[in-house]
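Hi,

Here is the structure I promised to hand over. Have a look at it first, and then read my notes below.

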Amino acid sequence: MKITIDLDKCIGCGACEEICPAVFHLDEEIGKSTVIDEEACDYADCCEAAGENCPEQAISIED
Ligand code: SF4
């Protein structure tokens, strides 16, 4: 699974980290979310939920 965060769209709301902290981490220095463990998405049900709940549709998940 490949996860991409469009940093131009990300507003740093932190929702993805809240929903799926194993995969996403809000980098407070840049005010954007980052993917900390792409492989974890293969095991974490929350990964797709994070993508669906991103208010800016900044998260792309490819199989
Ligand atoms: S939910 Fe979307 S907008 Fe919010 S921090 Fe995550 S990627 Fe950025």
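For the burial words, C-beta atoms are placed from the backbone, and a residue is buried if 20 or more other C-beta atoms lie within 10 Å of its own, exposed if 12 or fewer, and partly exposed in between.

Two things to know before going on. This is a predicted model, so local features need pLDDT of at least 70 and side-chain atom pairs count only at pLDDT 80 or more, while totals for chains, interfaces and linings use all residues. Residues are numbered from 1 along each chain as its sequence is written.

Back to Glu-29, which sits in the loop between β2 and β3. Helices (H or I, at least four residues) and strands (E, at least two) are DSSP runs, numbered from the N terminus. From Glu-29 to Ile-5 there are 24 residues in sequence and 16 Å in space, C-alpha to C-alpha.

One of the bridges joins Phe-24 to Val-35. Together β2 and β3 make a hairpin with four residues between them, and Gly-31 in the turn has a positive phi of about 70°.

Another positive phi, near 50°, turns up at Gln-57, a residue other than glycine. As background, most residues other than glycine have a negative phi. Gln-57 is in the loop between α2 and β4 and counts as exposed because it has 10 C-beta neighbours inside 10 Å.

Now the ligand. It is surrounded by 15 residues, the closest being Cys-10, Cys-13, Cys-16, Ser-33 and Cys-54 (near means a C-beta atom, placed from the backbone, within 6 Å). That shell has 11 nonpolar, three polar and one charged residues. Here Ala, Val, Leu, Ile, Met, Phe, Trp, Tyr, Cys and Pro count as nonpolar, Asp, Glu, Lys and Arg as charged, and the others, Gly among them, as polar.

Next, the inside. The largest nonpolar core has 12 residues, among them Cys-10, Cys-16, Phe-24, Ala-50 and Cys-54. Such a core is a set of buried Ala, Val, Leu, Ile, Met, Phe, Trp, Tyr and Cys residues joined through C-beta atoms within 7 Å. Cys-16, leaving aside neighbours within four places in sequence, is in contact with Phe-24, Ser-33, Ala-50, Cys-54 and Ile-59 (contact means C-beta atoms, placed from the backbone, within 7 Å).

Which residues of α2 are buried? They are Cys-47, Ala-50 and Gly-51. Seen down the axis of α2, these fall within an arc of 100°, so they line one face of the helix; the arc is that of the directions from the helix axis to the C-beta atoms. Their cover includes α1 (15-19), β2 and β4 (59-62). Glu-48 also belongs to α2 (residues 46-53), but is partly exposed because 15 other C-beta atoms lie within 10 Å.

Over in α1 you'll find Glu-17, which counts as partly exposed because it has 19 C-beta neighbours inside 10 Å. Leaving aside neighbours within four places in sequence, Glu-17 is in contact with Phe-24, His-25, Leu-26 and Ser-33. Glu-17 and Cys-46 are 29 residues apart in sequence and 10.0 Å apart in space, C-alpha to C-alpha.

Last, Asp-8 lies in the loop between β1 (2-5) and α1. Asp-8 is exposed, with 8 other C-beta atoms within 10 Å.

Cheers

Key:
Pairing = 2+ DSSP bridges. Contact = placed C-beta atoms within 7 Å.
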